[in-house]
Amino acid sequence: MPNIQTVTIIPNLPAKLEPLMTIAKNLWWSWTPDAIYLFQDMDRDIWEKTGHNPVAMLGTIEQPRLEELERDEVFLARMEKVHRELERYLNASTWYQKANIEENQGRIAYFSAEFGLHESLPLYSGGLGILAGDHMKSASDLGLPLLGVGLLYKHGYFKQYLNPDGWQMETYPSNDVYNMSLALLKGDDGKPVTIEVPFYDRNIAARIWSISVGRIKIYMLDTDVPSNSTHDRQITSHLYGGSIETRLQQEIILGMGGIRMLRKLGRQPTVCHMNEGHSAFMAVERLLSLVQEQNMNFDEALEAVRATSIFTTHTPVPAGIDRFPEDLMRRYFSGIADRLGIGIDRFLDLGRVQAGNHAEEFCMAVLAIKMASQTNGVSKLHGEVSRKMWGDIWPQIPRHEVPITHVTNGIHTLGWLSGEMSRLYERYLGSRWRDEPTNHAIWKRIEHVPAFELWRSRERLRERLIAFARERLRRQLTLKGAAKYKLKQAEEILDPEALTIGFARRFATYKRATLIFSDLDRLTKLLTSEERPVQLIFSGKAHPKDKFGKELIHKIVQMANMPELRMHLVFIENYDIEVARYLTQGVDVWLNTPRRPMEASGTSGMKVPANGGINLSILDGWWCEGYNGENGWAIGAGEDYDDPEYQDEVESRLLYELLENTVVPLFYDRSKHDIPLGWVEIMKNSIQTVCPYFNTNRMVEEYSTRFYLPNIAKWDVLSKNDWDEVRKLSTWKKRVIQDWHKVDIKRVELPVNDSPKVGDRVPIKAWIDLDGMSPDEVRVDAYIGYLDDSGEIPEGHPLPLLPTGEEKDGLFLFQGTLLCLSSGMIGFSVRCYPFRKELGHKFELGLLTWWEN
């Protein structure tokens, strides 16, 4: 093979147009309408051809057109305005600057296997990546000292197309990374900056790329480096692709390589946030660094890492978690375990629920939980599900007190908002809604928008969606070589005035995309009504190996080809951010039918209300918190079922009844001016209740105040005086763990002669043998609650018992008062657990002693 050298050719912009490249290289443009319109107006055909990629467009547009734009004073004025707005945004005062205490100067690293920022950067597969991308945008808006860490995939996730029979097929086109909003980091010598990540038998080199997202950077690693073997160059080729060993290699590069990369760039983090368990090996690299460079033992290093790590789980089912077989883990991590000074068996226990269980594979979520001081689900219900899923990690702790909390997801509102609605909000809400998307008082002003004006905006967005769907369907048919009459039909499908329902998401079986087809005759009657027609638009991808998900798509496509449904049902291929944007902006109703409680959060429905759409959903994920009875519709009342077939039967019937008796009639109940006033009222309720809360600005503020800032403060405390506090904490834990079995609640006194009455105060005393521990080193609770049928307290509440300072015969007295608030039989016990203010949560040690008669 001949020797091949590469040359990177960059766009040749006239001097006056150079700000265009500055704008194009910062993803801020993707949520700024004036910037998008600026690029569109340069050449709409090229804009579409390049997939809305401004960098590729600037390198493709012909020189005469650039020279024409250089002489266009109006265009230059628009460009300068956008450029000034970018500079203003980058330098403006932020929420973090206003809210942050000056001494809390740290750096947060956010690790994610995928980032969904824009359709022109296909480095995502679905909701996890979209959430990560929106997290970055809001972190930029709020001015957090945060940076992202990910992998740059040569092929990204697959592109979907359907064969003539309606079966999903996949292609994996290469990403032209040199024509994207990316920058390859180079050293002073002009060569790419690289790091090396050690595998058990070789080192893997990786280049570093950066993406500018407003004020922050995302750094991505890429193993497609000439010094690597052909096989190793493919490690970062496909998102979620390859063998189980390739997945392990990717996650080592992401986690361990990510920390090495930040260290190389001089941007070592204070706090690390794991977005799902894929990046949990970052904790291993942090441990190695502290053991080797700070002369710590493993237990000391673990205290520092755990205290400043956060884990967000997005998975409500065990099957969705990455697990690796023991033999593979031994091969890759035996040497690392030795360097940590703990041996491979103890290392493997870090990824097991039950220590020493060799039948249990190494679980990345378990590793992440054990490496984090805070673990959270992504909705209130998902927090409950996660506590049940992972409760066995803390076998002594009552399930409802398992230390897994929740931070409900949100969306970056500006990134998903249509220009139509943005202009409407500017007129009636003022300009502050952009900078204060969490301000409930601002969104309350939607009540003052005239019904006819809000409805006209809704109609224009629906018309825009129908035009998009027709064009995409025509394109799909053309690529399949369809006959001309079918292309003509594609131009006439769907009705711009009909009630339009959208369903678009990953085609996993638990999402039940075909629930609405349970009674085809009933659905056909609903869709084809001459007086009150309804239409459905579907989109979504199944995982390439998910046969059942592909069968769901095939079934929908077959339905869409039925003559009686052809004009009312469409499946749009290759679901991506662009398709999602058109759908969430254009539908009247967003349908969501997961099998409760398997939807962790589900952010697609959050994108709809700001654009005037309404949710119709099972009470699962975020909708349990979002639904209030007046801002959309709930299918069922949040029931859980043991029989999935019966569940499908009941909930499909409820869905049809809602559509037939409530949703469709309300949509077509028009005033004399042809305005559905009742429908518009629900639109307004949806906007003012969903928008101010279910956005990522609120979400990131919550992560900051609950996790990021406290953990930065912890790092500052622990790292002082050569990590003296870490060493003290580690020594204390060892002593407590060794001697805790000697702690004994000897006697409990509840002086009740007759039954107490409502309003009475009953003193509770507990005498405890602490075996040399100080009363300040423990916390004691009376655990109180109603009894279940087996005589247990399933969900009790702790009542603190405080040390009185009294000691008798080596026993310490703890006392509290029970206030009797309601009548009935209650049970109570007393418990004791170790306490130290540096602990991430009260059950960090997993030690709990109960009173036993």
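**Entry 1: α2 and α6**

I began with a helix pair: α2 passes α6 in a left-handed crossing. By that I mean that the near helix is turned anticlockwise from the far one by less than a right angle; clockwise would be right-handed. The model is predicted, so I note the limits: local features need pLDDT of at least 70, side-chain atom pairs count only at pLDDT 80 or more, and totals for chains, interfaces and linings use all residues. Residues are numbered from 1 along each chain as its sequence is written, and side-chain values use heavy atoms, with hydrogens and water left out.

Helix α2 covers residues 33-42 and helix α6 residues 73-91. Their axes come within 10 Å and cross at roughly 150°. Axes are lines fitted to C-alpha atoms, for helices over the stretch in contact; angles run from 0 to 180 degrees between N-to-C directions. Element names follow DSSP runs, numbered from the N terminus: helices are H or I with at least four residues, strands are E with at least two.

I listed the contact (heavy atoms within 4.5 Å). From α2 come D34, A35, Y37, L38, D41 and M42; from α6 come F75, R78, M79, K81 and V82. By class I get 7 nonpolar, no polar and 4 charged residues. Nonpolar here is Ala, Val, Leu, Ile, Met, Phe, Trp, Tyr, Cys and Pro; charged is Asp, Glu, Lys and Arg; the others, Gly among them, are polar.

**Entry 2: α10 and α11**

Next I took helix α10 (residues 281-293) and helix α11 (residues 298-307). They pack at about 125°, with axes 9 Å apart. The pair is therefore oblique. The scheme is: under 35 degrees roughly parallel, over 145 roughly antiparallel, 65 to 115 roughly perpendicular, the rest oblique. This crossing is right-handed. On the α10 side I found A283, R286, L287, L290 and V291, and on the α11 side F298, A301, L302, A304 and V305.

**Entry 3: the parallel sheet**

In what order do the strands of the open sheet run? I read off β17-β16-β15-β18-β19-β20, 6 strands with parallel pairing. Two strands pair if DSSP finds at least two bridges between them. β17 (569-572) and β20 (632-635) are the edges, each pairing on one side only. From one strand to the next the twist averages 20°.

I checked two of the pairings. β15 and β16 are parallel over 6 bridges, and V534 in β16 is the bridge partner of L499. Strand β19 (residues 614-618) joins β20 through 4 bridges, also in parallel. There S617 stands opposite A634.

Then I looked at what packs on the sheet. Helix α24 (residues 577-586) touches β15 (499-504), β16 (534-539), β17 and β18 (589-592), and its direction makes about 160° with that of β16. Helix α26 (residues 644-668) lies across β15, β16, β18, β19 and β20, at about 165° to β20.

Strand β15 got a closer look. Here 6 of the 6 residues are buried, so β15 is largely enclosed by the rest of the structure. My cut-offs: buried is under 20% relative accessible area, exposed over 50%, partly exposed in between (1.4 Å probe, protein chains only). In a regular strand the side chains alternate between the two faces of the sheet. In β15, L499, I501 and F503 are buried on one side, and T500, G502 and A504 on the other.

**Entry 4: helix α15**

Helix α15 (residues 380-390) has 8 of its 11 residues buried. These are L381, H382, G383, V385, S386, R387, M389 and W390. The cover includes β13 (374-377), β14 (404-406) and α25 (623-626).

**Entry 5: single residues**

S212 is in strand β7 (residues 203-213). S212 counts as buried at 14% relative accessibility. Leaving aside neighbours within four places in sequence, I find S212 in contact with K25, N26, L27 and K217.

Between β18 and β19, P597 sits in the loop. The R596 to P597 peptide bond is cis, with omega near 5°.

I also noted positive phi values in two residues other than glycine. For Y240 phi is near 55°; Y240 lies in the loop between β8 (216-222) and α9 (244-264). For D771 phi is near 50°; D771 lies in the loop between β22 (761-769) and β23 (778-785).

Are these two residues buried or partly exposed? Y240 is buried at 17%. D771 is partly exposed at 35%.
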